[in-house]
Amino acid sequence: MKSLPFLTIILLAPAICAIIMAFIPKEQVNPIKWLAATGTFISLAMSAYLYGVYDTAAGGLQFVERVPWIKDLGVSYFLAVDGISLPMLLLTNMIGFSAVFASWNLESRHREFFILLCLLISGVMGTFIAHDIFIFLLFYEVVVIPIYIMVIIWGSSKRVTKEYAGMKLTIYLLVGSAFLLVGIIALFVKSIPILGEPNMSFAALAQAGNQMSAFDQKWLFALMLIGFGSLISMWPFHSWSPDGYAGAPTAVSMIHAGVLKKIGGYGLIKIALFSLPLGAKFWAPYMAALGIAGVAYAAFAALAQKDLKYIVGYSSVSHMGYVMLAIGTVNVIGINGAVANMFAHGVMAALFFSAIGVIYEKTKTRWIPDLGGLARQMPLLAVSFMLAAFASLGLPGLIGFIPEFTIFIAGFKAFGGFAVIAIGGIVITALYALRAGANTLFGPPREEYNNLRDIRGAELVPLAVLGLVLIAGGLLPSLLFDMVNSGVEPLMNQLDNALKIGGLI
Amino acid sequence: MPTPSITLEHYLILGAVLFGIGLFGVLTKKNAIAVLISIELMLCAVNINLLAFNKYITPEAFIGQIFAIFVITVAAAEVGVGLAIIIAIYRNRLNINLEDFDWLKW
Amino acid sequence: MQMDFSVIIPEIAMVSLGVLVLILGLILPKKSLPRLGWFTSFSLIGILALVVLNWNNVGTVSGGLYLIDQFSQFFKVIFLTAAILVVFGSMAYVDKHLGGQAEYYSILVFSTLGMMVMASANDFITMYLGLELMTISFIVLVCFRRNDSESLEAGMKYVLLAGISSAVLLYGLSLIYGIAGTVLVVEVGMILAVQQSLPLLLVGVVMLVAGLGFKIAAVPFHMWAPDVYQGAPTPITSFLAVGSKMASFAILIRIFVLGMFGVSLSWGILMAILAGVTIIIGNLVAIPQTNIKRLMAYSGIAQAGYILVGMVTASQAGVKAIMFYGFIYIFAVVGVFTAISYYYNLTGSDEIKDYAGLSQRSPLMAATMVVSMLTMAGIPPFAGFVGKFYLFMTVVENYLWLAIIGLIMSMVSVYYYLMVVLVMYRDRPQDSSPIVVSLPVRMTLIFTMLVSVVLGVYPGPLSEIINKAALSFFMH
């Protein structure tokens, strides 16, 4: 049966809207905005549909589209989704759609902004649905340049200038990706004699990687760990993240913290872990240790911040620490937790940044001592802020709880007492998240903010979309976990087999 | 046959020395014309090499000699262009001292 | 001896075109001279079509001295494409700043002919002739603004350094000739394959590397490039950056990969070190530049380093990578320089700070510059990424350090490209009137940008063609 090329449509809808926008005169602001909204909505609706009809019982790759692309490199245009990439795809589109509305009140140069935003969203989606490593790489770096341009034009200079923030973000990630590229090229070159032909699909590389010597697997994994690790802001490669988010405009912060970072975790799991099991086994304790260090360090750092964006920036480093810890356990529960936590954190971080964006837009400050009592003037804003804060500290009933709990279980099983440090991190998270909320939203209202209007109209979209998911994911965790598990479990079984064989040799 | 006392090595050493002198001149001379002359010396060294090799290695074919003739011809063309530029630049600045050509960072 | 002249029809056509343009310049009235640009470019397109149509019409002329294979055909396509784009992009510049259209286009045609000869040359003498035809033509072109002191100074530096490098190269060639007893590259290859490694051979190899290193502007033989690039008329700078470099690579490949395959271990490591140093120095020195042409010169030096990476392994994959990268490199370089020279026409400045707000005055020019620069940096989805992928694939096994250096430095290069992007996109223009881009320039810009994008996303067919061409190179 020939079905629609769903994934291609999802991938290209925002990009095509971006191209159409280029031909609209730049004074026509409203058509441009609605075009961006339409493009992202198409992707969102279709990916939600796919999420609904994906057959979790069957698992594996579904909605496959595969066309040979570059023959001598064995590249094919290979799009597909499984239980790991589908949640990420949905997350991207939710955040992308919300980000369009979070930028609704942009002041200048609308056309350029929405073109770049749509290209960015398409690029991020591409990484999650490509199952050919070359196509994956194409999308992996595509996103860097739009982000840079968006930061330097629409960013804000507070503690660091936007130029510095943009450049740091860009160069950090690019240098990280250089290591990743070397690793992937080396993996590919070494796979050719094993497979007998060049083939860049994830599955083929995993098959070849599993047969490589332990030494090769170790250094290849190390290169990839640096590359993906710097994207997921693994401690000590995290320092771009708070600075970068602080300088970036709201939409970029949302997408970056919400999904872009997750490409690092996604790549570590889907490429590095499954292709190089022995390497993963070797580096797992180190990953976990770095993860725990990140959790603890970033939580304390967040405690000391007074700029709202820095708090969320460090908080996201801390949450990614959990993900690293979970990947470091290398067992089914841990990986499930890692993927679910990436999803959960994506939703809450995006909501957080959109709320902060609104605060900054209305009060022109993000500095906590200058804020207070906003809940009186803007109750709906307070709702979205506190929803994100509660989810971030893992309140049961919201989306953050189950994934973190899963990670603790896995971490405790794998590393025992060490994982306790990570659990300690959650206490600190509660402390800074609640304190930030209290000082910003509650307390005596300030007169200068009396005439501020609450969020309304288009500004409500992020709250509606992301808030709904936060609650739904908390109340019905099986919606997420069944999906993730259907992707993780078969792959982990293969991995276990590979490790057993490797152990025998 | 060449006289026994002069062998291929002698020619090669002569070529090498000439080439070295030319290179030295190129690196140290400050006057553009002197540099051009030094380049000519280096090309002479090349011609000596080519002819010597032709005589001792491939005496039955004229490859080296043909090569040398081409080198001479082309070198003449190159020097022609070089001198033209020197004249033009002299008109422009009344100076052909290389150290003074620093309008572009050297 | 029966000679098949049909295979060298493109070369014959080039000679005729060069002479014809010169004669037309004498007989045409002065006011119609600007039309010579159109005439030249369309004639070059015709010759390009001739080469493409005769793609499989391969053979040798003059008893193997002149070789037409798909390898050389491909390089000819590169040179002719570059020449066409340069002519298109330079018409406005020539009419406004240079004059002497007939001489300009005619010499440009002859330099292209020199490159074509270099690509096909199978013996040292022909190579040398092609090289000098190209170089001397370039010398004239570099100082074509003969009342402008900077242009003359650039020409002076170029003529002296070209002379030195030719002499060094010739000395190396004479030694190789002495050792092998022949100047035919293929025969040299066969003789050296069985010969013991001599100290004299080593000297010859070092001389060759030095001489050709000058031509491709590899560190430490690069110091002429920034000055000459800055002083030369901008269209010539772009032609110098692509044509001269790729033609030198054509003979570099011919001499080393074919002629010295047997001793490839001894020069492989030399090339690897040269490539590494070139990449590092080129990229680092580019960072503090404030003049866009100097910036592009240093970036061009770094690019030479990347292309050298393909030489290291002396393999078919390496040759193929060089050809692929060379092809996309034309479009990147010509795209950037066309925008630069057009902007210079309007504002009279090459300083980066004067590019403020270009994205609002002419989105097309700004976008082309961004796309071309990112192609050179190797950022997907632009073609440079695929090119670098091919290049570094060849060395990742044996020279992992080179791959790491190369890829990290290419990310560093993004830094200085982004500084230009910063100025173009963030700042507000002082004069915010939109720039109207003339037709030939607009065509060039759009075309180069499209090629960079299309080849980056879908390089498959080109890569197949180049694979066959690279294979043909080893068939002798």
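Helix α9 of chain A covers residues 214-231, which is 18 residues. From first C-alpha to last it reaches 25 Å, close to the 26 Å expected at 1.5 Å a residue; the expected span is 1.5 Å times one less than the number of residues. Helices here are DSSP runs of H or I with at least four residues, numbered from the N terminus.

This is a predicted model, with local features needing pLDDT of at least 70, side-chain atom pairs counting only at pLDDT 80 or more, and totals for chains, interfaces and linings using all residues. Residues are numbered from 1 along each chain as its sequence is written, and chains are lettered from A in the order in which they are written.

Back to α9(A). Its buried residues include A:Gln217, A:Leu220, A:Phe221 and the run from A:Leu223 to A:Leu231. Buried means 20 or more other C-beta atoms within 10 Å of the residue's own, with C-beta atoms placed from the backbone. The cover over these residues includes α7 (162-195), α8 (202-210), α11 (250-275) and α12 (277-303) of chain A. Just after the helix, A:Ser233 takes a positive phi of about 60°.

How do α7(A) and α9(A) cross, and at what angle? Their axes come within 7 Å and cross at roughly 150°; axes are lines fitted to C-alpha atoms over the stretch in contact, and angles run from 0 to 180 degrees between N-to-C directions. That makes α7(A) roughly antiparallel to α9(A), a term for angles over 145 degrees. The residues of this contact divide into 13 nonpolar, five polar and two charged. For the classes, Ala, Val, Leu, Ile, Met, Phe, Trp, Tyr, Cys and Pro count as nonpolar, Asp, Glu, Lys and Arg as charged, and the others, Gly among them, as polar. Among the residues that meet are A:Gly176, A:Gly183 and A:Lys190 in α7(A), and A:Asp216, A:Gly227 and A:Phe228 in α9(A). Contact means C-beta atoms, placed from the backbone, within 7 Å.

Next, chain C. C:Ala102 lies in helix α4, residues 101-120. C:Ala102 counts as buried because it has 20 C-beta neighbours inside 10 Å. Leaving out residues up to four places away in sequence, C:Ala102 touches C:Val21, C:Leu22, C:Leu24, C:Gly25, C:Leu33 and C:Leu36.

Last, the interface. 33 residues of chain C are in contact with 36 residues of chain B. On the chain C side, the largest share, 18 residues, comes from α6(C). That side has 20 nonpolar, eight polar and five charged residues.

Terms used
Helices (H or I, at least four residues) and strands (E, at least two) are DSSP runs, numbered from the N terminus. A residue is buried if 20 or more other C-beta atoms lie within 10 Å of its own, exposed if 12 or fewer, and partly exposed in between; C-beta atoms are placed from the backbone. Two residues are in contact if their C-beta atoms, placed from the backbone, lie within 7 Å. Angles under 35 degrees count as roughly parallel, over 145 as roughly antiparallel, 65 to 115 as roughly perpendicular and the rest as oblique.
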